[in-house]
Amino acid sequence: MILSGRTILITGGSAGIGLAFALKFVELGNTVIVTGRHESVLDEVKKRHPKLHTIQSDVADPAQIATLATRVKIEFPKLDVLMNNAGIMLHRNLTAPTADLAGLMTEMNVNLGGVVIMTSAFIDILRANKGTVINTSSALAFVPLPSAPIYSATKAAIHSYTQSLRFQLEETGVEVIELMPPAVKTDLAVDIAEGGGITLMTTEEWSSNPLRPSRRVSSRSVQGRQNCSHSCAASPPVSSTGSSGRPLRSWCRLWSDRS
Ligand SMILES: NC(=O)c1ccc[n+]([C@@H]2O[C@H](COP(=O)([O-])OP(=O)(O)OC[C@H]3O[C@@H](n4cnc5c(N)ncnc54)[C@H](OP(=O)(O)O)[C@@H]3O)[C@@H](O)[C@H]2O)c1
């Protein structure tokens, strides 16, 4: 991926990993637009980082995505990178029925639906500008966190969807990247305790060089799957789950603490 002179839209860029990438991309000489659900948070981000462009938009709402796409295509016709980063993680007990059946779909609508609908809404401009799609998955696509079963399933789906997208766009000049971040201390990961093989890094540590993978992990080494490598800076869970299984056990503890 060319890392300067791009026009980059990052969903969920008002905090955490998305904001760290946004600031790094600005530093590298790109025009960066970030979205999030909360206007007040975006206003604060804009105040602290005036070079960032901010637009309120919820990736779980197709109407808001349509409005965002219309506006971005007019205001930023050179848009050539879409980073589908917005995501939420909810811890759920699947062993008992819930009264909130619709609520079971919340992560599906943000983590999976948001990526699929955003990609469709921007695919014309990305093709026209021979751009890049970056989808943020997780190592939990391969080793699920039992306390966050739907989150883990959405990330497995993003991994699969990204592979198909890459195949379909092969002849179009659009590059498709799957980003699999390590465990990072953000609001999303606030409930994940360190120890027992789990280490969380800060966004500052990662953003000192977020674009350099610390190691390459082949999915073949994870589950004997087809040859497909990911840019993965994971310490947990993929790299350290294998022989000892300790991180998975720690996460199961998180699960049993909650049930
Ligand atoms: N942290 C980790 O250890 C880790 C590891 C692997 C993968 N990831 C993935 O990395 C991505 C970023 O996670 P993070 O840890 O940086 O989370 P975070 O700190 O909680 O930030 C999430 C960002 O997404 C926005 N957001 C949430 N729901 C949204 C929606 N419906 N529409 C638009 N924006 C929305 C949030 O802003 P608002 O709340 O204002 O909307 C915020 O800007 C996620 O896809 C996550 O699954 C994280």
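Reader: Which residues of strand β4 (residues 81-84) are buried, and on which side is each?

Author: Val 81 and Met 83 are buried on one side, Leu 82 and Asn 84 on the other, and both faces of β4 are covered. Buried here is 20 or more other C-beta atoms within 10 Å of a residue's own, exposed is 12 or fewer, and partly exposed is in between, with C-beta atoms placed from the backbone. Strands (E, at least two residues) and helices (H or I, at least four) are DSSP runs numbered from the N terminus.

Reader: Why would neighbours in a strand end up on opposite sides?

Author: In a regular strand the side chains alternate between the two faces of the sheet.

Reader: Fine. What am I looking at, and how is the numbering done?

Author: This is a predicted model, where local features need pLDDT of at least 70 and side-chain atom pairs count only at pLDDT 80 or more, while totals for chains, interfaces and linings use all residues. Residues are numbered from 1 along each chain as its sequence is written.

Reader: Which strand does β4 share three bridges with?

Author: That's β1 (residues 7-10), in the parallel sense. Pairing needs at least two DSSP bridges between the strands. Leu 9 has Leu 82 of β4 as its bridge partner.

Reader: And how many bridges join β4 to β5?

Author: Four, and β5 (residues 132-136) runs parallel to β4. Asn 84 is bridged to Asn 135 in β5. Right-handed says that, with the strands pointing away from the viewer, the path from the first strand over the helix to the second runs clockwise.

Reader: What about β5, how many of its residues are buried?

Author: Four of its five, so that's a mostly covered strand by the 20-or-more cut-off. Five bridges tie β5 to β6 (residues 175-180), again in parallel, with Glu 178 of β6 as the partner of Asn 135. The chain gets from β5 to β6 through α5 (residues 149-168), in a right-handed β-α-β crossover.

Reader: OK, what about the largest nonpolar core, how many residues?

Author: 54, and those with the most contacts inside it include Leu 9, Ile 10, Leu 82 and Met 83. α4 gives the largest share, eight residues. Such a core is a set of buried Ala, Val, Leu, Ile, Met, Phe, Trp, Tyr and Cys residues joined through C-beta atoms within 7 Å.

Reader: Last one: Leu 52, buried or exposed?

Author: Leu 52 is buried, because 21 other C-beta atoms lie within 10 Å. Leu 52 sits in the loop between α2 (39-48) and β3 (53-56). Beyond neighbours within four places in sequence, its contacts (C-beta atoms, placed from the backbone, within 7 Å) include Ala 22, Val 32 and Val 34.

Notes. Two residues are in contact if their C-beta atoms, placed from the backbone, lie within 7 Å.
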